[in-house]
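Subject: Structure for your review

Dear colleague,

Please find below the structure that I am handing over to you. My findings follow it, and I would be grateful if you read them with the structure open.

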Amino acid sequence: MRIFKAVAEEGSVTRAAARLNRVQSNVSARLAQLEEALGVALFHRSARRLLITAEGARLLDYADRLLQLADEAAAAVQGRRAPSGKLQIGAMETTAAARLPLVLAAFHRLHPDVELLLDTGPTDYLVQAVVQHRLDCALVAAPVACPELAQLAVFEEELVLLTDLAHGPVATPHDVARKALLVFRAGCSYRRRLEAWFGDAGVGVGRVAEFGTFEAIIGCVAAGMGVALMPKEVLRQRSLAKSIRAHPLPAALAGVTTVLVWRRDIVHHPARQAFAASFPG
């Protein structure tokens, strides 16, 4: 399963062999044995790359769960005293920038045997990644209505509306009705809040521009391209008062809780448990 997973993720026997510290012939032989045992082709062979088949994609989901369970079982029976191995963490882009650096640095000092892997994205993407075993845990915006996941409140954020410096005061969406919305891609909870604010006020959303990083959003706001919703903490840490203007919002829109989520059925995971314990409160 580990060999199959590596080949699926790398799309190449050569790269998978290097990642696993195995010879290429061994990886090819073990993959062929697996396909023969299952009676299906797991990959489409092309000149440059292996493309996973529909059957392979289904197996990959099971492989992730089987390997996670195997690691959990080994940790449980061996009674490991210190967390170790990989911990795959997900976080919203703004959370990763404003909140995680100090947390991850402190965690690494306490648990140097844990290999930290960080992925960023919008809330919906991260929730699905945890559900599908691609991440061990993730920091996302509440509320999270997913029965498969346990959750722990870790941060309280205040969201503010950003405009360029020359813009006047903003009390309602009508004050920025002609501005473009500068947002993260679909699935972002902050984006949903901003669009709902406009919708509740009866102000139609016109142009929407999607970005992959908060730095790009802030830069375009400063240039007068549009407005955005962002945690106040991001602005405080970067001293952006001379380039953009932050407008307070109604409490129902501004207040948001960031929660750490993980699969409820994975009870014993020392590294994840240690990470959850690293948050105050």
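Which residues line the largest cavity? The lining consists of Leu-182, Val-183, Phe-184, Cys-188, Tyr-190, Arg-191, Leu-194, Ile-217, Ala-228, Leu-229 and Met-230. Strand 7 (180-184), helix 8 (189-200) and strand 9 (226-231) are the elements that each give two or more residues to this lining. The space inside the largest cavity comes to about 60 Å³, and a search of the whole structure finds two cavities of 30 Å³ or more.

Please bear in mind that this is a predicted model. The chain has a mean pLDDT of 89, with 96% of its residues at 70 or more. Among the elements, the lowest mean pLDDT, 80, belongs to helix 4 (residues 54-78), and the highest, 96, to strand 5 (residues 137-141).

Overall architecture

The chain contains 12 helices and 11 strands. Its C-alpha atoms fill a box of roughly 70 × 45 × 35 Å along the principal axes. Of the 281 residues, 46% are buried. Taking contacts between residues at least 6 apart in sequence, 73% join residues at least 24 apart.

The largest pocket

The largest pocket holds about 910 Å³ of space. Its lining is made up of 32 residues, and those nearest its centre are Arg-2, Leu-67, Asp-71, Lys-86 and Gln-88. Two or more lining residues come from each of helix 1, helix 2, helix 4, strand 3 (85-91) and helix 12 (270-277). Helix 4 provides the largest share, seven residues. I would note again that helix 4 is the element with the lowest mean pLDDT.

Ala-54 is also found in helix 4. With a relative accessible area of 48%, Ala-54 is partly exposed. Ala-54 and Leu-162 are 108 residues apart along the chain, and their C-alpha atoms are separated by 44 Å.

Helix 2

Helix 2 (residues 13-20) has Val-13, Ala-16 and Ala-17 among its residues, and these three are buried. Viewed down the helix axis, the buried residues of helix 2 fall within an arc of 100°, and so they line one face of the helix. In general, an α-helix has 3.6 residues a turn, so residues three or four places apart point the same way. The cover over the buried residues of helix 2 includes helix 1 (2-10), helix 3 (24-38) and strand 2 (50-52).

Both ends of this helix deserve a look. At its start, a side-chain oxygen of Ser-12 comes to within 3.2 Å of the backbone nitrogen of Thr-14. Just after helix 2, Asn-21 adopts a positive phi of about 60°.

Helix 9

In helix 9 (residues 214-222), the residues Phe-214, Ile-217, Ile-218, Cys-220 and Val-221 are buried. These residues lie on the same side of helix 9, because they cover an arc of only 165° around its axis. After helix 9 comes Gly-224, which has a positive phi near 85°.

Is Thr-258 buried or exposed? Thr-258 counts as buried because its relative accessibility is 0%, below the 20% cut-off for a buried residue. This residue lies in strand 11 (residues 255-263). Leaving aside neighbours within four places in sequence, Thr-258 is in contact with Met-92, Thr-95, Leu-139, Val-140, Leu-152, Ala-153, Val-154, Phe-155 and Glu-157.

Ala-276 lies in helix 12 and is buried, with a relative accessible area of 15%. Not counting residues up to four places away in sequence, Ala-276 touches Leu-152 and Leu-260. Leu-152 is also one of the contacts of Thr-258. Ala-276 and Ala-153 are 123 residues apart in sequence, with 9.9 Å between their C-alpha atoms.

With kind regards

Key:
Residues are numbered from 1 along each chain as its sequence is written. Side-chain values use heavy atoms; hydrogens and water are left out. pLDDT is the predictor's confidence in each residue, from 0 to 100. Helices (H or I, at least four residues) and strands (E, at least two) are DSSP runs, numbered from the N terminus. Buried means under 20% relative accessible area, exposed over 50%, partly exposed in between (1.4 Å probe, protein chains only). The arc is that of the directions from the helix axis to the C-beta atoms. Contact means heavy atoms within 4.5 Å. A polar contact is a pair of N or O atoms within 3.5 Å; within protein, one must be able to donate a hydrogen and the other to accept it, and residues adjacent in sequence count only if both atoms are side-chain atoms. On a 1 Å grid over the protein atoms alone, a cavity is a set of points where a 1.4 Å probe fits but cannot get out, and a pocket is an open set with protein on both sides within 12 Å along at least five of seven lines; lining residues have an atom within 4 Å of a point. Grid points are joined across faces, edges and corners, and a volume is the space filled by probe spheres set on the points.
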